[in-house]
Amino acid sequence: MIRFATKSGGNTPGHLQRTGPGREALAGLALVALPVAMLLMLTLWPTVSMVIATFTVDGHMSTSRYAYFFTDAYSLANLRFTMVQGLVSALSALAISFGIALYLRFSAGRIATMIHALSLFPLFVPSIIISYALVRFLGPNGLFQLLLEQVGFTHYRTPYLTPVGPFLAFVWEALPLPVLVISAGLTQVSDHAVEAARDLGAGPIRILWEVLLPQVRRSLLIAFALIFLGIIGAYTVPYMLGPAAPEMMGVFMQRTLGNLHDADAAQVQAVVLMVISSVVGGFYIATMLKSQGGER
Amino acid sequence: MLSRRHFLASSAALTLAAATGVKAQDRKVLQVFIDGDTNISGWWNDILKPAFEAAVPTHTFNVTITRGVADGNGTIAERALAALQAKADPQVDYFEEFEPASVAGSIEAGLWEEMTEANVPNLKLVNPAAVEAPIRLPYRGSQVLIAYDSAKVANPPKTFADLVAWAKANPGRFTYGRPDKGGSGSNFVIRAIHEANGKDPSAFTKDNFEPAKAEEMLQKGWAILKDLHPFTFGEGTYPAGNTPALQLLAQGAVDMIPAWSDQALQALKQGVLPETVKLVQLQDLALCGGFAYSAIPSNATDLEGALALANFMLSPETQTSCVKDIGGFPGISWDNLPAELKAEYIDVIPVSIPTFPSGDWQKAKNDGWYKNVATNLTQGG
């Protein structure tokens with residue numbers, strides 16, 4: 001049993017077990033049976049059979065497909081590009097949203113409310129819309145370039161169809177989640193703690209590093225994991241805004257399956273991405289469990 | 001009450017008949033199935049229908065759009081095949097576009113009506129390059145052309161070599177779409193492959209794909225495109241499809257792209273592309289294109305009417321509308337169209353309409369392009 005019962009300190013495992021294998025427990029099992037069955041049938045089973053299929057070549061166990069992936073310069077370049085995009089975009093989104101959250105924590109008033117609303121706005125915009133909007137805004141001879149030229153800057157090079165294009169869209173799209181999570185973390189830091197540190201002569205950087213950051217470290221880690229996972233699996237944004245090559249894994253998989261009809265290779269790509277996602281996902285779960293344990 | 005209701009109903013019917021005219025009621029309705037895009041179904045409903053009713057007063061047609069429903073026209077064709085075997089009414093007279101071979105056994109079963117000059121007189125006008133088999137009626141086409149901004153390009157290229165020379169002399173002002181994302185980029189890549197292999201499209205057939213030989217033939221094409229790569233827009237960032245490429249031209253980011261004839265002509269008509277954009281076809285060897293083929297089931301509910309519709313579709317009037325209203329290419333020879341129309345489109349009329357086989361060749365071409373041309377690996381990207 002997961003130790004979630006210890007979370008609030010109200011129920012203890014002993015309380016829960018008191019119901020025993022009675023009717024209530026059966027009812028609970030019946031309730032959870034359907035989603036669990038769905039999970040097994042629609043997620044776990046296809047995943048397992050797919051992983052097995054990637055190791056089966058002409059009826060024999062073989063790692064040749066993986067050997068191809070990890071020796072093919074083109075596939076590796078795509079994987080590397082995906083990881084770099086994920087890391088750089090996720091870290092940038094975190095840094096920016098940390099700044100926004102800090103500002104929101106220590107200011108109030110109409111402007112703060114407006115900035116808060118603005119930072120959450122991307123939550124309601126589908127990625128296909130932001131992609132088209134960025135093409136028109138940042139694209140060649142787009143609005144941004146025209147504005148720059150108005151003030152005499154004529155050396156604009158559009159990020160459209162370069163790695164910077166998807167980077168900008170990813171950061172923009174990823175902002176709301178960390179702003180929410182970090183804001184929530186920062187509200188737990190009492191004004192007294194900050195004032196006490198200041199009274200003891202701590203500068204702003206020291207307060208940030210030793211008082212604020214430790215409080216939101218877990219929020220940051222969780223937000224990072226979620227954003228990173230979202231980006232490495234992205235399709236629309238890199239398809240619309242990114243360069244032809246290297247491709248991000250989502251685009252690469254789609255092309256391998258949809259255009260080349262090479263299901264085997266696409267599955268190998270999917271498994272590689274899945275393993276990386278699982279590592280980051282496991283890290284996320286560990287952080288979650290630790291934070292629940294920490295509050296005990 | 002009953003009689004009163006009956007009276008009301010019959011008087012309403014009479015009023016309706018008086019309003020629409022008896023003639024309309026006498027018209028036989030042909031069932032036409034279309035699974036093409038809205039530009040095609042809209043053209044049939046809004047422009048062709050009144051013209052057909054005027055040309056063939058005994059008939060009219062009803063368009064059913066099968067786009068995105070099950071297998072589209074394929075499902076209807078399977079129903080017609082079942083009806084042929086059961087000697088039942090297939091409830092279909094005309095397929096706007098259909099490949100008979102896609103329903104297995106339908107050709108052998110005699111499902112498709114053979115069209116000759118005997119039953120469709122206007123077939124004598126058809127472009128010889130488009131003729132395939134008597135069960136396929138070529139009635140419209142499209143082809144990839146070079147679209148350029150005449151305000152920036154004084155002498156548009158007439159040959160592939162001209163085009164490459166222009167692109168190199170004007171770095172960043174030419175681009176083409178990724179070959180797997182749209183036919184305009186794809187057919188440009190094919191044109192480069194043709195260029196590298198003696199300008200001979202017949203060297204590529206559905207059955208002659210052989211990996212080692214194909215690799216050798218394609219590599220020659222990649223050499224041309226790799227050479228062009230640093231001179232394209234953004235030094236080798238290729239737009240992701242037909243529309244993104246047109247967008248770059250419309251925004252003035254590039255001055256020349258390959259584009260589908262119908263998409264470019266329609267964009268010009270709608271003002272999406274500036275008026276200064278002109279179209280030209282390469283005259284040494286044209287870029288690829290293809291025709292849309294109509295088909296008529298031999299057991300059509302009204303076979304005679306369906307053949308009359310086929311004949312109407314190949315009339316110079318309808319074919320003129322195909323060029324003017326949807327930016328399509330005519331199924332009949334340009335010589336059979338009004339002289340002024342031919343003069344207007346003289347730059348885009350191809351000497352030939354090359355094709356490139358589907359299947360293995362397409363796959364090898366698309367994947368090879370990504371691995372050999374688009375990649376910036378050697379440049380440290």
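Predicted model: local features only at pLDDT ≥ 70, side-chain atom pairs only at ≥ 80, totals over all residues.
User: What makes chain A more spread out than a compact globule?

Analyst: Happy to start there! The globule rule gives 19 Å for 296 residues, and the radius of gyration of chain A is 24 Å, well over that value, so chain A counts as more spread out than a compact globule. Its C-alpha atoms fill a box of roughly 75 × 65 × 30 Å along the principal axes. The chain holds 14 helices and two strands.

User: What does the domain assignment give for chain A, and how far apart do the domain centres lie?

Analyst: The assignment gives domain 1 (15-54) and domain 2 (72-294). The C-alpha centres of these two domains of chain A lie 33 Å apart.

User: How many of the residues in chain A are called buried, as a percentage?

Analyst: A residue needs 20 or more other C-beta atoms within 10 Å of its own to be called buried. In chain A, 27% of the 296 residues are buried. As for contacts with a separation of 6 or more, 70% of those in chain A are between residues 24 or more positions apart.

User: Let's move to chain B. Why are the buried residues of helix 11 said to be on the same side?

Analyst: Good one! The buried residues in helix 11 (residues 316-326) of chain B are Thr318(B), Gln319(B), Cys322(B), Val323(B) and Ile326(B). They cover an arc of only 145° around the axis, and therefore sit on the same side of the helix.

User: What makes strand 2 and strand 3 of chain B edge strands?

Analyst: Three strands of chain B form an open sheet in the order 2-1-3, with parallel pairing. Strand 2 (59-65) and strand 3 (94-95) each pair on one side only, and that makes them the edges.

User: How do you know that strand 1 and strand 2 of chain B pair?

Analyst: Pairing takes at least two bridges, and seven bridges join strand 1 (residues 28-34) of chain B to strand 2 of chain B. Within strand 2 of chain B, Ile65(B) stands opposite Ile34(B). Helix 3 of chain B lies across both strands, running at about 170° to strand 2 of chain B.

Methods
Residues numbered from 1 in each chain as written. Chains lettered and ligands numbered in written order. Buried ≥ 20, exposed ≤ 12 C-beta atoms within 10 Å, placed from the backbone. Helix = DSSP H or I, 4+ residues; strand = E, 2+ residues; numbered from the N terminus. Arc of directions from axis to C-beta. Rg over C-alpha atoms; globule rule 2.2 N^0.38 Å. Contact = placed C-beta atoms within 7 Å. Domains from an automatic or database assignment. Axes fitted to C-alpha atoms, helices over the stretch in contact; angles between N-to-C directions.
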